[in-house]
Amino acid sequence: MTVASTPELEADRQDLISLITDEAVFHGDFTLASGKKATYYVDMRKLTLDHRAAPAIGRIMLDLIRDQGDIAAVGGLTLGADPIANAVLHESVRAGTPLDAFVVRKEPKDHGRGRQIEGAELEGKRVVVVEDTSTTGQSPLKAVAALRAAGAIPVAVATIVDRKTGAQAAVEAEGLTWLAAIDLDDLGLQPQ
């Protein structure tokens, strides 16, 4: 289990856990983005786009990545990573440790500059890939592949909720650090 670095941040984390448990965990029959079946769904977009949770998410995720060295930017595969990256960007400025944000498209644009990665210029820069919830790790790893192809240096994947179903092993197999703010134990759920 992760614990935040200060009592204030841990209080934010506990408040976020309560919000997730109360408002973002849905029970039923679901098919996850990975194709796996589940009897519950953690809908983090409901909270990453919510004014009550987004500021705390920015603080918690910034704290989570604090030991990753000289990071230039955070982001990940659109759409799940976008509000997280923006929350971290805003919190990093407030905290006096500014980071940029980026968005990785699923495919390069077929018009304009044809970019797959929007936002900060990342060639030669250390970055952290963020995501809302992780099952297999394939979404952040798709972002990692695009970042590496663009010359960026991904060093870690940081997720808000780890479903504890293999994402960590997949990410670490790619030589990246795995970071999770909240896991199923925190939410009183079992891996599926």
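Visitor: Leaving aside neighbours within four places in sequence, which residues is serine 134 in contact with?
Guide: The model is a predicted one, and serine 134 lies in its strand β6. Contact requires heavy atoms within 4.5 Å. Leaving aside the neighbours within four places in sequence, the residues in contact with serine 134 are Thr159, Val161, Asp162, Arg163, Thr165, Ala167 and Trp178.

Visitor: Is serine 134 buried or exposed?
Guide: The relative accessible area of serine 134 is 1%. A residue counts as buried under 20%, so serine 134 is classed as buried.

Visitor: What distance separates the C-alpha atoms of valine 74 and alanine 85?
Guide: Valine 74 belongs to strand β3, residues 73–77, and has a relative accessible area of 0%, so this residue is buried. Its contacts beyond four places in sequence include Ile65, Ala85, Val88 and Phe102. Valine 74 and alanine 85 are 11 residues apart along the chain, and their C-alpha atoms are separated by 5.6 Å.

Visitor: Which element gives the largest share of the lining of the largest pocket?
Guide: The largest pocket holds about 470 Å³ of space. It is lined by 27 residues, and those closest to its centre are Ala33, Glu131, Asp132, Thr133 and Ser139. Two or more lining residues come from each of β2 (37–42), β6 (126–134) and α5 (138–149). The largest share, 5 residues, is that of β6.

Visitor: How many residues of the lining of the largest pocket are charged?
Guide: The lining of the largest pocket divides by class into 10 nonpolar and 11 polar residues. The charged residues of this lining number 6.

Visitor: Which element gives the most to the lining of the second largest pocket?
Guide: The second largest pocket has a volume of about 220 Å³. Of its 14 lining residues, Leu62, Asp63, Ile65, Arg66 and Thr97 are the closest to its centre. The elements giving two or more residues to this lining are α3 (54–64) and α4 (82–94). With 3 residues, the most is given by α3.

Visitor: What span is expected for helix α1 at 1.5 Å a residue?
Guide: Helix α1 covers residues 7–24, which is 18 residues, and its buried residues include Leu9, Leu16, Ile20 and Ala24. From first C-alpha to last, α1 reaches 24 Å. That is close to the expected span of 26 Å.

Methods: Residues are numbered from 1 along each chain as its sequence is written. This is a predicted model: local features need pLDDT of at least 70, side-chain atom pairs count only at pLDDT 80 or more; totals for chains, interfaces and linings use all residues. Side-chain values use heavy atoms; hydrogens and water are left out. On a 1 Å grid over the protein atoms alone, a cavity is a set of points where a 1.4 Å probe fits but cannot get out, and a pocket is an open set with protein on both sides within 12 Å along at least five of seven lines; lining residues have an atom within 4 Å of a point. Grid points are joined across faces, edges and corners, and a volume is the space filled by probe spheres set on the points. Helices (H or I, at least four residues) and strands (E, at least two) are DSSP runs, numbered from the N terminus. Ala, Val, Leu, Ile, Met, Phe, Trp, Tyr, Cys and Pro count as nonpolar, Asp, Glu, Lys and Arg as charged, and the others, Gly among them, as polar. The expected span of a helix is 1.5 Å times one less than its number of residues. Buried means under 20% relative accessible area, exposed over 50%, partly exposed in between (1.4 Å probe, protein chains only).
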